[in-house]
Amino acid sequence: MPASVDESDAPVAVSGPTGARTPPAVRVEASGEKAVGAGHDIAHSAVGQGSRVEHTEVHNRVEGSTVRGDLFQAGNMTVNNYHPAPPPVPVWRPVRVGAVPPLASAVQPRPGLREVIDGARERNATVVLTQVLSGGGGVGKTQLAATYARRAHAEGVDVLVWVNAADISQIVSTYARAAHQVGAPGADGREAERDAEAFKEWLATTDRSWLVVLDDLTDLEGAQPWWPHPLAGSASRARVLATTRRRDALVSGAGRAVVDIGIYTRAEALAYLRERLATAGAEHLLDAGADDLVEALGRLPLALAHAAAYMINEDKASTRYLHLFSDRTSRLEALLPPAADTDGYGRQVTASLVLALDAAEQREPVGLAAPAIRLAAHLDAAGHPQDLWATAAFTRYLTTYRAPSPGAAAPAPVTPDQARAAVRLLHQYALLTSKAEDSPRAIRLHGLTARTVREGIAVGETPATVHAVADALREVWDYEREHPVPLLTAVLGANTATLAAHAGDLLWNPDAHPVLFAAGAGLSNAGLYSAALAHWKRLAADAERLLSRDSPSALVARENLATSYRQAGLPGEAILIGEQVVADSERLLSHDVTRALAARTSLAASYREAGNTGKAIDLLEQVLAGSERLLGSSHPDTRAARSSLGSCYRQMERTGEAITLEEKALTDSKRLLGDNHPDTLTASANLAASYWQAGRTGEAIAIEEKALTDSKRLLGDNHPDTLTASVNLAASYRRAGRTGEAIGLLERVVPDIGRRLGHDHLHTLTARANLAAALGQAGCVGEAVDLLEGVVADCGRLLGHDHAQTLSARSNLAASYRQAWRTGEATELEKQVLAERRRQLGAVHPETLATRTNLASCYRRAGRVGKAILIDEEVLADSVRVLGDGHLLTLTVRAGLAASYRQAGRTGEAVDLLEQVISGARRIQERDRLHRQDPGSDGLLERLVRRAVGREWPGQGT
């Protein structure tokens, strides 16, 4: 963070992401003998009797005879403010996120259960009710939840979100999508977890009606942070519905009402079978054996669905199907004895599934139903993409394991069209659901059906099946990396996790399957940091257990684990693991120096995140030298290392070195990627920040104006990167003395940032602080103080009172107190900031030096000039020693000391120092050619001279 130094007792710039607006249109009309009209520039306009100012926007407030802000009135005048018509209130459109599963044919309404659920809700009218539909597989929990969701849709609920909650990452990704659709403050699309938190906060505060369904919730412990918690009294409009198999105490915790879902009643089971057959025009199949059949099937909705589909497709009546079912069940006794059927429904589902599958195997495409369902059984029950069925891995597996037709020649290789036809065939027999419009969850297989299939696979076929699914997922992951789609990323992650859970150790023979690494990288790239961290923890542990700690797979897994810790905001853990990875890489990978360089780069990022920028620089200098030698100057890894090192140099006030690296980085990026590539825009922003820090304001402004124009053209006015570019430009305008432009730009962009990112977002706080600094520089001290007091409170609440951003905000507030002549408050605040910066950074860090000289300004303003001189003399000596005689901070300290000498009557010493200040400032101007590139370039010299002679900013007196 650049040092913040008060120049002439005005508020200090806030570092961080920092964007102009054309000044409001003004027409000055003068009439009468004393009237004077002074043109367009309102900052220098004065009007007399009979004059009129017309202003298109309301930025000025009339107080007596003074129009606050930019206009001074010398006599009577009329100010006509034209209020533009307010924008129309946006029309709310219902939000629907997630695919509600289609209702099965003839699904029963189950009025008894619905009355229980509705009654539980009525008894909890003052709080939101989370109803947990708990029950075994195949009893219809999801169908019942889908019925409620569709009823809520029909009744016009404002927000309906269906979450396939078997995996926590799916909850996060769905919440993140919902955050964007409802416009939740703070959801910027950069980090899925932060967006998900924003949606959860939106649910807690909105007056919109909503229903969130968490279907198939398995990890209740991991899901605890994601339960919505609306305010009391919102039960009439806010509701959470969850389905789960679990029945432990955690299900009913936190005020959740539990409704157990059992099998159909006898009447419901018969009604289902009757309606399902009638829908297909097969009522004749329901004969006298129907009553016995529904009992034999255990009145289980899933088994009834299998049976009905078989009866329709094979034209078998109830009695005939019951005979086949009983025969199949008796043969299963040896494979699945009653004692092993702990859930009490295994034999019914297994028998009904086998009957349906045997029939499907005989239909076109012949012999593909069984191998196809084996593949599907290893994927997520909540759904997988159709694209998997077009992969070479799936078609190769189907070709190998296709059941041959009797007497037929060897079949030709299975095509993607035939693979998809096999999926449609399984859909016809109710063995899975295929619905193209639900992409990327187009194909779903009931969890109980999948388990039954997996348990029936021959032991020798399981490894081949597992690897075929893994290879197919890897193919789609590779495509996703080139064409990222957030929802597809989450779905692929969930399917990979499901496969890994079913595969056991089969994905580690002979080495870790690449899909495991592709999944972890995909989760990290999508901003699903918690899910990625859990993934890499498992992967690192499995690699050490199954291979060895020194295996390449274990090393890569631990390196990615360190990165995940850093992304999750835990740099200490990242450093601990990263240091071990660097040591192991150098010991084990002497033949692969590029991997060792990558490990050092990752560790440097963790050091920097933890505030140890010096160690980060040491590592990155080694990385850059090695990368240039081994890979060449233009290699992407070399360019990335150069950019990272430049940012670290800037952070440590080694601005000249930063500029040298960043100028080369920008040149290379333009040459290799083009002017409009995101990496080029980032390189431009980095260089502008270093120019800004070096006082080369004109060059920084030129870059930032172009960056803002390009960002608007490529990304739009309200994209987060465009808003950040606006704040950066405004900060440079202010440094150049173009205060009016800075204020105009910030007054427009601060509300936009608040709406887009949320009022508590760090970029919003930074923009508000920069607006306060610009207002103070323009003389609107009261408004600056009000803004900064709010920023300090918010920073302390969100970041902690000793966070660097909070300390910068408190220092800025102290400068505004000093400018407002609230000297005692300013002094106490600067003392607190100085104590904390000494503790964190040491006495001679640039931030600490800046705070020390700001404290001297407080003492000088309070008339304690001796104390101010003592501090400034010490700071000047330290600044010359640490930063050099020509550093901008050194010149600023020298100007402050000159002001103290002058105030103490030591005029000769003050003049000597002032001459040094002027000479040093002119050298900076000549070096950076500011006087040729920026019409406001004299601002630097003017500010330093004003500080040295003890004068305040214009409009504040002498």
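# A walk through a predicted model

Let me begin with Asp216, which sits in the loop between strand 10 and helix 5 (220-223). Helices here are DSSP runs of H or I with at least four residues, strands are runs of E with at least two, and both are numbered from the N terminus. The phi of Asp216 is near 60°, a positive value in a residue other than glycine. With a relative accessible area of 34%, Asp216 is partly exposed; buried means under 20%, exposed means over 50%, and partly exposed lies in between, with a 1.4 Å probe and protein chains only.

Before going on, please keep in mind that this is a predicted model, where local features need pLDDT of at least 70, side-chain atom pairs count only at pLDDT 80 or more, and totals for chains, interfaces and linings use all residues. Residues are numbered from 1 along each chain as its sequence is written, and side-chain values use heavy atoms, with hydrogens and water left out.

Ala430 is another non-glycine residue with a positive phi, about 60°. You will find Ala430 in the loop between helix 13 (416-428) and strand 13 (433-434), and at a relative accessible area of 26% Ala430 is partly exposed.

Now to the strands. Strand 10 covers residues 210-215 and pairs with strand 11 in the parallel sense over five bridges; pairing needs at least two DSSP bridges between the strands. How many residues of strand 11 (residues 238-244) are buried? Seven of its seven. Ala238, Val240, Ala242 and Thr244 point one way, while Arg239, Leu241 and Thr243 point the other way.

Strand 10 also pairs with strand 9, again in the parallel sense, over six bridges, and there Leu160 has Leu211 in strand 10 as its bridge partner. Strand 9 (residues 159-164) has six of its six residues buried. Val159, Val161 and Val163 lie on one side, with Leu160, Trp162 and Asn164 on the other. Strand 9 is also paired with strand 7 (residues 95-97), parallel over three bridges, where Val95 and Val159 are bridge partners.

Next, two prolines to look at. The peptide bond from Glu364 to Pro365 is cis, with omega near -5°, and Pro365 is in the loop between helix 10 (346-361) and helix 11. The bond from Asn509 to Pro510 is cis too, with omega near 5°; Pro510 belongs to the loop between helix 16 (486-503) and helix 17 (514-525).

While we are in the loops, look at His384, between helix 11 (369-376) and helix 12 (392-401). Is His384 buried or exposed? His384 counts as buried because its relative accessibility is 1%. Beyond its neighbours within four places in sequence, the contacts of His384 include Trp389, Pro440, Arg441 and Asn495, where contact means heavy atoms within 4.5 Å.

Arg894 is in helix 35 (residues 888-903). Leaving out neighbours within four places in sequence, Arg894 touches Leu876, Val880, Asp885, Leu913, Gln916 and Val917.

Let's move to helix 25, residues 678-693. Its 16 residues should span 22 Å at 1.5 Å a residue, and the end C-alpha atoms are 23 Å apart, so the two agree; the expected span is 1.5 Å times one less than the number of residues. Buried residues of helix 25 include Leu681, Leu687, Tyr691 and Trp692. The buried residues pack against helix 23 (636-651), helix 24 (655-673), helix 26 (697-715) and helix 27 (720-735). After the helix comes Gly695, with a positive phi near 85°.

My last stop is the second largest cavity, with a volume of about 40 Å³. A cavity is a set of points, on a 1 Å grid over the protein atoms alone, where a 1.4 Å probe fits but cannot get out, and lining residues have an atom within 4 Å of a point. The volume is the space filled by probe spheres set on the points, which are joined across faces, edges and corners. Which residues line this cavity? They are Glu559, Ala562, Gly578, Val581, Val582, Ala599, Ser602 and Leu603. Helix 19 (552-567), helix 20 (571-588) and helix 21 (593-609) each give two or more residues to that lining.

Note on methods:
1 Å grid on protein atoms, 1.4 Å probe; cavity = no way out; pocket = protein on both sides within 12 Å on 5 of 7 lines; lining within 4 Å.
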